[in-house]
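Thanks for making the time this morning. I would like to walk through one structure, going from the overall layout to the ligands and then to some backbone details.

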Amino acid sequence: MEKLMIKGGRPLYGEVQVSGAKNSAVALIPATLLAESTTILENLPHIRDVLIYVEILKDLGAEISQENGELHIDAGQLTNLPMSDGKVKELRASYYLMGALLGRFGEATVGLPGGCNLGPRPIDQHIKGFEALGAKVVHRDGALHLFASKLKGARVYLDVVSVGATINIMLAAARAEGQTVIENAAKEPEIIDVATLLTAMGAKVKGAGTDVIRIQGCAKLTGCRHSVIPDRIEAGTFMVAAAATQGEVTVNNLIPKHMEPVTAKLREMGAEVEEWDEALQIRGGKAYQSIHIRTLPYPGFPTDLQQPFTSLLTMACGTSFVVDNIYSSRFRHIDELSRMGADVRVEGSSAVIRGQASLYGAQVRASDLRAGAALVIAGLMASDITEIIGVEHINRGYQDLVGKLKSLGSEIWRESQ
Ligand SMILES: CC(=O)N[C@H]1[C@@H](OP(=O)(O)OP(=O)(O)OC[C@H]2O[C@@H](n3ccc(=O)[nH]c3=O)[C@H](O)[C@@H]2O)O[C@H](CO)[C@@H](O)[C@@H]1O
Ligand SMILES: C=C(OP(=O)(O)O)C(=O)O
């Protein structure tokens, strides 16, 4: 087991390169199972969720090789093994095996997913979608068994805007007979990324990025080459870290449009954000104003950046409110921030942050991925040394966070526990 050590109080300066998006990568990798020939994925992030997914695909019989930083996945010869336990429990996105294997074989057994503990994370809308396409879904011993003698395109209205359900239904629909229409679909950039891959494989996907997506399935899909979009959550984490240390950082290899809610909130607080085609420069302010944040589905403010932002808000003048409308109890980082001197309390689905706190180093625990990011940012802001345990959560979703922060001038290192 390892822990992260941070000696805070140093502003971040310089340039940092954003890696490929975790939440795209973990959908694109299972999507390659839908094709019977080789798919090449470029710009995959080197993170634990991706490593685990690659292992899962190998267990299923996919031939995988790495060449020049690209992943070649040949899913020509697969065995449709039951995936009830083990690796599928280590990440949330293992639920995409349901759509991918159902699409490929008409049958799948997949354990209920793991991932960040953010309170209840039901998958009823995924199941509603699979059933609409003609699958029978049985829940037994912690796993779902899905079976369809024939998948047929259908109209599915999502009762809740869900990233996972939208993508999972797209995966199964890509090999279904006829057209599937997803209404009240999620609009996240990662959904467009998956639609681009499926289209390159031979399915016809229209409307991704709007709330109505039409998928014309195809009996056989072929492999293709695809590059993963930049990780807007990693980019946002560096933007917040730059503001929180009152530094000056250029975040490269991002799509500025994806960052709009983050850019807007940083500017509202008093940080300067300058925009180029594929980069943003953040110049920290001397003092920040308190703000209110409400998380919403894209293009609203992303829940995955709510926790990192909370750390920044501890230094603003006045009281800030953060309401998480997606995960109402995504506040397990708050107690840890309090240990570092923050004046924060949770009221229902809101965090109330009284600003102008001077954070100090402490031993804290990352309970989930973005709680980890929030604590790293708090550690960069704090006086003295912060010790973060629960680093395995951070490793799930940030490529070389320590190396990237070091290159920006922070004193951060790993130690064994
Ligand atoms: C691997 C991945 O891409 N993870 C992201 C994905 O998670 P995930 O796909 O799990 O999140 P969803 O978009 O599905 O969840 C959104 C909301 O809908 C609810 N819901 C969802 C599905 C369902 O069947 N029933 C239901 O009620 C959830 O409890 C939540 O309140 O989107 C979240 C919201 O942007 C992000 O925080 C996660 O980083
Ligand atoms: C919640 C997250 O991930 P997952 O859905 O994979 O648990 C996240 O990336 O912040």
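This is a predicted model: local features need pLDDT of at least 70, side-chain atom pairs count only at pLDDT 80 or more; totals for chains, interfaces and linings use all residues.

Stepping back to the overall layout, the domain assignment gives domain 1, which is made of 2-19 + 230-416, and domain 2, which covers 22-227. The centres of domain 1 and domain 2, taken over C-alpha atoms, are separated by 30 Å, and the contact takes 19 residues from domain 1 and 16 residues from domain 2. On the side of domain 1 that touches domain 2, the largest share, three residues, comes from helix H12, residues 391-397; by class, that side of domain 1 has six nonpolar, eight polar and five charged residues. As for annotation, an unreviewed UniProt entry lists residues 7-405 as "domain: Enolpyruvate transferase", and that span is 32% helix and 24% strand, with its end C-alpha atoms 12 Å apart.

Now to the ligands. Around ligand 1 there are 20 residues, of which Asn23, Gln125, Ser162, Val163 and Gly164 come nearest. The elements giving two or more residues to this shell are helix H1 (22-31), helix H4 (124-132) and helix H5 (163-173). By class, the shell around ligand 1 holds 10 nonpolar, six polar and four charged residues, and at least three residues are drawn from each of domain 1 and domain 2.

The residues around ligand 2 are Lys22, Leu91, Arg92, Ala93, Gly115, Cys116, Asp304, Leu369, Arg370 and Gly397, and they divide into four nonpolar, two polar and four charged.

Let me turn next to a sheet. An open sheet of three strands has the order S6-S8-S7, with antiparallel pairing, and its edge strands, each pairing on one side only, are strand S6 (107-111) and strand S7 (136-140). From one strand to the next, the twist averages 15°. S7 is joined by five bridges to strand S8, residues 143-147, and the two run antiparallel, with Arg140 standing opposite Ala143 in S8. Helix H3, residues 96-105, packs on this sheet and touches S6 and S8, and the direction of H3 makes about 160° with that of S6.

The peptide bond from Tyr298 to Pro299 is cis, with omega near 10°, and Pro299 lies in the loop between strand S17 (292-295) and helix H9 (306-313). The other detail concerns Asn184, which has a positive phi of about 55° although it is not a glycine; Asn184 is placed in the loop between strand S10 (179-183) and helix H6 (189-201).

How values were computed:
Residues are numbered from 1 along each chain as its sequence is written. Chains are lettered from A and ligands numbered from 1 in the order in which they are written. A residue is near a molecule or strand if its C-beta atom, placed from the backbone, lies within 6 Å of it. Helices (H or I, at least four residues) and strands (E, at least two) are DSSP runs, numbered from the N terminus. Ala, Val, Leu, Ile, Met, Phe, Trp, Tyr, Cys and Pro count as nonpolar, Asp, Glu, Lys and Arg as charged, and the others, Gly among them, as polar. Domain bounds come from an automatic or database domain assignment. Two strands pair if DSSP finds at least two bridges between them. Axes are lines fitted to C-alpha atoms, for helices over the stretch in contact, and angles run from 0 to 180 degrees between N-to-C directions. Two residues are in contact if their C-beta atoms, placed from the backbone, lie within 7 Å. UniProt positions are given in the numbering used here, feature names are shortened, and annotations may be inferred rather than shown by experiment.
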